[in-house]
Amino acid sequence: SVARILKPFANQGMLLRIAVGNEPLASWEGGARNGPLLSAALKQMHKALVEEQLVGIGLTVPFFNGVLHTSYPPERGSFGSAYTQTIREVASVLLRTDGEFTIHLYPWFARKGNPGDVPLNL
């Protein structure tokens, strides 16, 4: 199992993180049909880590930037309504398991879509 493979590296000075999927809600990865699977996958991976006594290995689900309805300006950021339930469920599991919430944000997309209003000299 993944947990058994990682066990020799745990507590050796290296931070270990496990990503459950990579941008799983993106259309090229299966899109919305993956949403209901994510919480269960996180719970199963956490259970496997606990069974191997691997505390301190963080879990995450790296979401793609398309989960955001609004990304600029950052203080007005919001999630798309199609993703809100899945994001809440995943965030809840990550909170309980000391995981990390991750979104692959690319400021270039905001600049490309709105070059007149998105400055480069922040």
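How many salt bridges does the structure hold? The structure holds 4 salt bridges, a salt bridge being a side-chain nitrogen of Lys or Arg within 4 Å of a carboxyl oxygen of Asp or Glu. The model is predicted, with local features requiring pLDDT of at least 70 and side-chain atom pairs counting only at pLDDT 80 or more, while totals for chains, interfaces and linings use all residues. Residues are numbered from 1 along each chain as its sequence is written, and side-chain values use heavy atoms, with hydrogens and water left out.

Among these salt bridges is the one in which the side chains of Glu52 and Arg4 meet, at 3.2 Å from N to O. This pair links distant parts of the chain, 48 residues apart: Arg4 belongs to helix H1 (residues 2-6), whereas Glu52 is placed in the loop between helix H2 (35-51) and strand S2 (58-64). Helices (H or I, at least four residues) and strands (E, at least two) are DSSP runs, numbered from the N terminus. Glu52 also meets Lys7 in a salt bridge, with an N to O distance of 3.6 Å. Because Lys7 lies in the loop between H1 and strand S1 (17-19) and Glu52 in the loop between H2 and S2, the pair ties together parts that are 45 residues apart in sequence.

Glu52 counts as buried because its relative accessibility is 16%. Arg4, at 54%, counts as exposed, and Lys7, at 34%, is partly exposed.

A further salt bridge is formed by Lys47 and Glu51, whose closest N and O atoms are 3.9 Å apart. Both residues lie in helix H2, separated by 4 residues, or about one turn of the helix. Lys47 has a relative accessibility of 45% and therefore counts as partly exposed; Glu51, at 56%, counts as exposed.

Attention was also given to Ser78, which is found in strand S4 (residues 78-79). Ser78 counts as partly exposed because its relative accessibility is 26%. Apart from neighbours within four places in sequence, Ser78 is in contact (heavy atoms within 4.5 Å) with Val67, Leu68, His69 and Thr70. The C-alpha atoms of Ser78 and Val67 are separated by 8.7 Å, the two residues being 11 residues apart along the chain.

Terms used:
Buried < 20%, exposed > 50% of the residue type's maximum accessible area, 1.4 Å probe, protein only.
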